[in-house]
Amino acid sequence: MRILKPGLHTTIQDLGRAGWRAFGIPEGGAMDSIALRTANLLVGNDQGAAGLELTLTGPQLVAEKELLIAVCGAGMAPFIDGEPLPLERPVWIAAGTVITFGPAASGCRAYLAAAGGIAAEAALGSRGTDTRAGIGGVAGRPLRAGDVLPLGSASPQAAAWRATLAARAAAKPQGRRSWAAPGWFAPPPAQLRGRATPSGIRLRVMPGAEYGQFREAARTALLRERFRVAPASDRMGVRLEGPPLPLEDSDQELLSHGVIAGTIQVPRGGAPIILGADCQTTGGYPKLAHVITADLPLLAQCKPGDDIAFELVTLAEAQRGYMEQERDMRMLAAAIALRMRKN
Amino acid sequence: MNSVSELVGWTYSLAPLGDRALVVTLESKSESGLWQVAAALAESLRSARLHWIADVVPAYASVTVVYDMARLPIHETAGAIPYEAAAAEVHRILKRSRETEAAIPRVVDIPVCYGGLYGPDLAACAARAGMEEAAFAERHASAIYRVAMIGFMPGFPYLTGLPPELGQPRLASPRSVVPAGSVGIAGGQTGIYPLSTPGGWQLIGRTPFRLFDPERSEPFLLRAGDALRFVPIRAEDFTCES
C-alpha cells in the first residue's frame, strides 16, 4: 500500500505495548481496539496485527499489489473506483486500485486491516505509533504522502479468500471489476450497538478514587447533564466542555500516581479530561470516574462537537461487561473462521 | 541490609483504579522514602511473573497494577469478580515481599558538561544562588540523587536529593525546544530531559548519554530506585553516544 494523501491523522496501530509504563511509555494501541481486532479477523490476521487508524478525515491510498482488506469503525465513506467500498467485511482489491476516504460522517476513527498486517518495525514490543516517544509505525510519526507500507504474508485462509473473491470479480457479467466482497458482514459487539445515536453517545462509568471528594452537585451533573467533546481532543485525552464539576473545599494535592485510559480526571477549576490510549503513565488530578473498558471503543468514536452522557455502573457490572464483550469477540472469531473455511 | 518492611514504618491499602487496574497506596508517618518501598514492591510484583499482570507502575507513594481480566484465574462458582481475585493475589505477593531484602540500589554515573552552550542558564542560576558558576556545578555534581519514579514523558526521572541551595524558579516563558540530554532544575528538583521537547526548566548542563534508546537491549538507562551521580566532563569530551 502506498499513501497518496495522508488524511488528517493516520497512524499505524496494533494493540499497544503494555509493560513499559514504569518507564513513562504509554500503553498506546488502537483507540477502538474492537474495530481493529474485527478488521483483522476479517482478513485472516491475528487480532493484534498492525493496521491503519484513520482520524476524522481518512487518507487516499493505492494498492501496489492485489490486497485483501477490511474497514471497520467510523463511517468515512470510502470509495473505490467510483463505488462505495463495503464496510465490515473482507474486500479483494486489484493491484493499482485507489481507495479514497472522506470525512467521518459518524464516529471519529476508522480502521483498515490488510491480510498479512502492516510489517512496520516493532519498538518495545509493538508496531504501533507513539508520536510522543517517536517510536513504532513509520519513524514514530503519522503517515505522509509517499509512505509505502510493506505487508506481512497473508494466512492460508486469507490467501484462499483472496483467490475466491478475485475469481468472483473476474466473472462479473458487467465486465471485470477491480474489487469484490461477500454479502455478509461482521457488526460490532452487541454492547456497543445503539449507544451512539445522533443525539449523543452514552458511556458507562464507574466511580473514581476521589468520587466522594467531589461536591454532590458535581456528581449529579456528571450523571444528569450532557458534555460536549472539545476540539483539543486527541489520542492522549478526550477533553469535555460542560457544567463545572467542583470538588469539596480542600487544598490537599494528590501525589502523582498511575492512571490508565478511561480515567476521567478533573483539574481544579478546569474542564474534565477522559484519558485516551496515549495518556501519560502518571497523573495527579482528582479522578471523578472511569469510562469502563468495554466502552472505550465508544469513547474512541467521540469526535469534537459530539454530546456525551454518562451512566453509572458498579465495578462488578463493568468487569462483567468486559468479559461478555470478550466472549462476543471469541464467537465472532469462530464465525468468521467458519465462513473462511467454507469459502 | 534492612528488609523492606523496616525501611520506614509503612502500611498499604488496595483500591480499584477503573475496572482493569488496582492501586497499592502506601502510608507512613513520614512520607519521605515511601518511593523506595514503592520501587521495591513494584520489583517483587514484576518478578512474580504472573501472566495476568500487564503492567506495574511505581510512583511516590503507590504502585499501580494493570491486569488482564480475561487471564485471571477466577473461580466463578465462588462469585468473585476479577478485581477481588487480582487483589487477593496482590495481597499474597506483598505479604511475601515484606520479608525480602531491599535491593542495594544500582549507582548510575551520568557525565554532564556544565554551562556554556550545553547549560545556557548556569550563569543566571549561579548568580541567583550567590555562587560562582564552577562552585554551583560542583555542588550539583557532588550530591547523590535517587530516581523516585519515572513519568511525565518516556524515561523522565523524578530525582530526589537536590541540595536545597541550588533550587531555582521555572523559566518565565518555556523554551520551545529543549535538546535531549539537557540537565535542568525547577523548584527543588533536578531532572534530565530524555527527549527533545518544549520545557520550562533552567538548563545547567547536558549529558551525551541517551536515557532512552529503543534500539538498545535495555532501552532505558534509569529505573525507579536507582542512585545517580552527575560526573562533570569538558565540552571537548562531549560525544553523543551511550
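## Contact between chain A and chain B

In this predicted model, 36 residues of chain A are in contact with 41 residues of chain B. The area buried between chain A and chain B is about 3,200 Å², and carbon and sulfur atoms give 66% of that area.

Between chain A and chain B there are 2 salt bridges. B:Arg20 forms a salt bridge with A:Glu27, where the closest N and O atoms are 3.5 Å apart. The count of residue pairs in polar contact between chain A and chain B, both residues being at pLDDT 80 or more, is 12. On the side of chain A that touches chain B, at least two residues each are supplied by strand 16 (257-258), strand 20 (287-291) and helix 5 (315-342) of chain A. Helix 5 of chain A provides the largest share of that side, 6 residues.

## The two domains of chain A

Chain A is divided into domain 1, covering 2-188, and domain 2, covering 192-324. Taken over C-alpha atoms, the centres of domain 1 and domain 2 of chain A are separated by 29 Å. In chain A, 28 residues of domain 1 are in contact with 20 residues of domain 2. About 1,800 Å² is buried between domain 1 and domain 2 of chain A, with carbon and sulfur atoms giving 56%.

Between domain 1 and domain 2 of chain A the count is 1 salt bridge. A:Arg235 forms a salt bridge with A:Glu53, and the closest N and O atoms of this pair are 2.9 Å apart. There are also 9 residue pairs in polar contact between domain 1 and domain 2 of chain A, both residues being at pLDDT 80 or more. The elements that give two or more residues to the side of domain 1 of chain A that touches domain 2 are strand 5 (67-75) and strand 10 (106-114) of chain A. The largest share of that side, 5 residues, comes from strand 10 of chain A.

## A sheet in chain B

Chain B holds an open sheet of 7 strands in the order 7-6-13-5-12-9-10, with mixed pairing. Strand 7 (157-160) and strand 10 (189-192) of chain B each have a single partner strand and stand at the edges, so one side of each is left without a neighbour in the sheet. On average, neighbouring strands of this sheet are turned by 40° against each other, direction ignored.

Within chain B, strand 5 (residues 107-114) and strand 12 (residues 202-206) run antiparallel and are joined by 2 bridges. B:Cys113 has B:Arg206 as its bridge partner in strand 12 of chain B.

Definitions and conventions. Residues numbered from 1 in each chain as written. Chains lettered and ligands numbered in written order. Predicted model: local features only at pLDDT ≥ 70, side-chain atom pairs only at ≥ 80, totals over all residues. Heavy atoms only, no water. Pairing = 2+ DSSP bridges. Helix = DSSP H or I, 4+ residues; strand = E, 2+ residues; numbered from the N terminus. Axes fitted to C-alpha atoms, helices over the stretch in contact; angles between N-to-C directions. Domains from an automatic or database assignment. Contact = heavy atoms within 4.5 Å. Buried area = accessible area lost by both parts, 1.4 Å probe. Salt bridge = Lys/Arg side-chain N within 4 Å of Asp/Glu carboxyl O. Polar contact = N/O pair within 3.5 Å; in protein donor to acceptor, adjacent residues only side chain to side chain.
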